[in-house]
Amino acid sequence: MSLLWAIVAVAFVTHAMPAQVALSVVRWNVADAGCHAILVNGVKVKTITVPHPSGGSFEVGAGLVDRDGQFQVLVGLSNKSAARLDLVPEATSLEIELPKQKPLSRIDPRQLISRSGRSSKARAAIVGGLGGWQEASGRQRTGTVWVDGRPVNVSVYERTNPEAKQQADRTVDRIWSRQREREQAILNTFLFGTTVMPGEDAGGIVAFQREKRREKLVFSIAVEKQAFEFDFFLPAKEVVGR
């Protein structure tokens, strides 16, 4: 399986951040051996292949998109060496290089799940409460009846929308169903950290805060005591993936 692979949805498990060590920098350059560029679903992905001391080689790839109010980096690792390699989001960074240097904060995907859950909870509460109110609300009709030959004024209460609560309950169920789908999509596509065994591939999304003022960005990821750097030109008017 090639690197294309792994920039597709894969589930990940939490992985500890390795201890910091001095890293040698390997920067993508189209003229250098082992550096290539491919298109994955319309996204330009740059790849770097390097040899591994244990034998064989491994390939690291990255592609940048501006999507969903974030900078999302599609990261992948294809391990053709004899060693186990760690691929963790904590070992990544994204920095604006032009027009003004600025490091960008990485977004924890668990925050995205929590934020989406709070939004769904609020919508469900509003819909459910509105349905209950509509079911309970109604109109009052007054009239006169005769009891033992004497007139008695009475009020009759009737519901105007007896099915409102059932409709609201169905809508709430759909809200939570979509929420579960969003959570699963994040778990399946974002990078949570994994160990890539020999002969295997892995990948996922790493998200960073979005900035409007940007021209050139540099993404870095550490693998096997090496920092792999990829530069991307992304003018503010260019929004990919929408």
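Leaving aside neighbours within four places in sequence, F230 is in contact with W28, K46, T47, I48, V60, G61, A62, L217, V218, F219 and I221, where contact means heavy atoms within 4.5 Å. The model is predicted, so that local features need pLDDT of at least 70 and side-chain atom pairs count only at pLDDT 80 or more, whereas totals for chains, interfaces and linings use all residues. Residues are numbered from 1 along each chain as its sequence is written, and side-chain values use heavy atoms, with hydrogens and water left out.

F230 is also one of the residues with the most contacts inside the largest nonpolar core, together with F219, I221 and F228. This core has 32 residues; a nonpolar core is a set of buried Ala, Val, Leu, Ile, Met, Phe, Trp, Tyr and Cys residues joined through side-chain atoms within 4.5 Å. At least two residues of the core come from each of β3 (43-51), β4, β5 (70-81), β6 (85-87), β7, β13 (201-209), β14 and β15. Another core, of 11 residues, lies apart from it and includes L74, L112, I113 and I186. In soluble globular proteins, nonpolar side chains tend to be buried together.

The chain contains two helices and 15 strands. Of the 242 residues in the chain, 39% are buried; buried denotes under 20% relative accessible area, exposed over 50%, and partly exposed the range in between (1.4 Å probe, protein chains only). The chain exposes about 13900 Å², of which carbon and sulfur atoms supply 53%; accessible areas come from the Shrake-Rupley method with a 1.4 Å probe, and for residues only the protein chains shown count as cover. Among contacts in the chain with a separation of 6 or more, 66% are between residues 24 or more positions apart.

Strand β14 (residues 216-223) is largely enclosed by the rest of the structure, because seven of its eight residues are buried. Two strands pair if DSSP finds at least two bridges between them. On this basis, β14 pairs with strand β7 (residues 92-98) in the antiparallel sense over six bridges, and eight bridges join β14 to strand β15 (residues 226-233), again with antiparallel strands. K225, found in the loop between β14 and β15, has a positive phi of about 65 degrees although it is not a glycine. K225 counts as exposed, at 59% relative accessibility.

In strand β7, T92 stands opposite I221 of β14. T92 is buried, with a relative accessible area of 10%. Leaving aside neighbours within four places in sequence, T92 is in contact with R106, V206, F208, F219, S220 and I221. A polar atom of the T92 side chain lies 2.6 Å from the backbone oxygen of P89. The peptide bond from L98 to P99 is cis, with omega near 5 degrees, and P99 lies in the loop between β7 and β8 (102-104).

An open sheet of six strands has the order β2-β3-β4-β5-β13-β9, with antiparallel pairing. At its edges stand β2 (35-40) and β9 (106-107), each with a single partner strand, so one side of each is left without a neighbour in the sheet. Six bridges join β2 to β3 in an antiparallel arrangement, in which V40 stands opposite V43 of β3.

F58 lies in strand β4 (residues 56-67) and counts as buried, at 1% relative accessibility. D68, by contrast, lies in the loop between β4 and β5 and counts as exposed, at 58% relative accessibility. D68 has a positive phi of about 60 degrees although it is not a glycine.

Key:
Helices (H or I, at least four residues) and strands (E, at least two) are DSSP runs, numbered from the N terminus. A polar contact is a pair of N or O atoms within 3.5 Å; within protein, one must be able to donate a hydrogen and the other to accept it, and residues adjacent in sequence count only if both atoms are side-chain atoms.
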